[in-house]
Amino acid sequence: MTYLEFEKPLADLEGKAEELRVLARKGEGVDLEKEAAALDKKAEEMLRDLYKQLDPWRKTQVARHPERPHCRDYIAALFSEYTPLAGDRAFGEDHAVMGGLARFRDQACVVIGHEKGNDTKSRLTHNFGMARPEGYRKAIRLMDLADRFRLPVISLVDTPGAYPGKGAEERGQSEAIARSTEKCLQIGVPLVSVVIGEGGSGGAVAFATANRIAMLEHSIYSVISPEGCASILWKDAEKMREAAHALKLTAQDLKKLEVVDRIIPEPMGGAQRAPMEAITAVGDAIAEMLAEFEGKKPSEIIKDRRQKFLQMGSKALA
């Protein structure tokens, strides 16, 4: 288990409990198992207290936790007959974006998502989940395919933002993001989106301009990262805690603002502590969101989506 900065006291407790269990297994003390159990109970209470009221910056840290389940994990667990489709038919393949045909609970669909990778090699391969223009153009191709064959689209959002490199800009990064967002608004099939980690800037909006948007309890969704915001407003990236508060990037704030439609509860301590429990909860939420559009005509689905985004900004936090 990788511990976050604010979890260090918890790491000490759980570490001591594990040391006692190791000694007990070696037969070096008959009462050590009881002491370990007492420490476990104390650690559980501490975990509950830590996660009871996370501030926006701590939620940002949890959303970025390297052991949270990623897009690949959700696809493997929730979808059957997954057939990945590669390339944008213009430049090449972008490994930061996964997508293809699949079945979700026996329903044919198209699934698209950002993949960050889970170790150094895979993170470099997937560019840390930061898509280039060809990734967004691949997503457009998949959404066109879904629209043609009347298949619902499910998107899994987990990206710090679109890749800001020179090559990406030369190949039309902003235009590709805009086209992908436009395509989300145009398709006549249900589009549901779940923010499973970070929802960063236009890189997230390009997949999340959906009929229904859900967020995991400790995920974030914002126009810019707290560090980027702090660098612009205060000329100091160390002001990221203040920026995280100001951005209203948590699922709870965004639900009040009606930017997102539902919050999916996470296991105590975050999705990284019980990945399958979190994945199952996401699957149930996706099924419920798709069920809202059963029997609806394409024109009704498009109207529903447009109205949702036209109404954004009508709510404010006191």
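**Salt bridges across the fold**

Arg171 is partly exposed, with 25% relative accessible area. The model behind this value is predicted. Arg171 pairs with Glu134 in a salt bridge, and their closest N and O atoms are 3.0 Å apart. The two residues come from distant parts of the chain. Glu134 belongs to helix α6 (residues 133-148). Arg171 sits in the loop between α7 (166-170) and α8 (173-186). The separation is 37 residues. Glu134 has a relative accessible area of 4%. Buried means under 20%, so Glu134 counts as buried.

Next, look at Arg273. Its salt-bridge partner is Glu14, with 3.3 Å between the closest N and O atoms. Arg273 has 26% relative accessibility and counts as partly exposed.

Lys166 and Glu170 form a salt bridge through their side chains, at 3.9 Å from N to O. That distance still qualifies because the cut-off is 4 Å. Both residues lie in helix α7. They are four residues apart, about one turn of the helix. Lys166 and Glu170 are both exposed.

Some salt bridges share partners. Such bridges join Arg64, Lys116, Asp158, Glu198 and Glu227 into one network. How many salt bridges does a search of the whole structure find? The search finds 22. Among them are the pairs Arg273 with Glu14, Glu134 with Arg171, and Lys166 with Glu170.

Conventions: Residues are numbered from 1 along each chain as its sequence is written. This is a predicted model: local features need pLDDT of at least 70, side-chain atom pairs count only at pLDDT 80 or more; totals for chains, interfaces and linings use all residues. Side-chain values use heavy atoms; hydrogens and water are left out. Buried means under 20% relative accessible area, exposed over 50%, partly exposed in between (1.4 Å probe, protein chains only).
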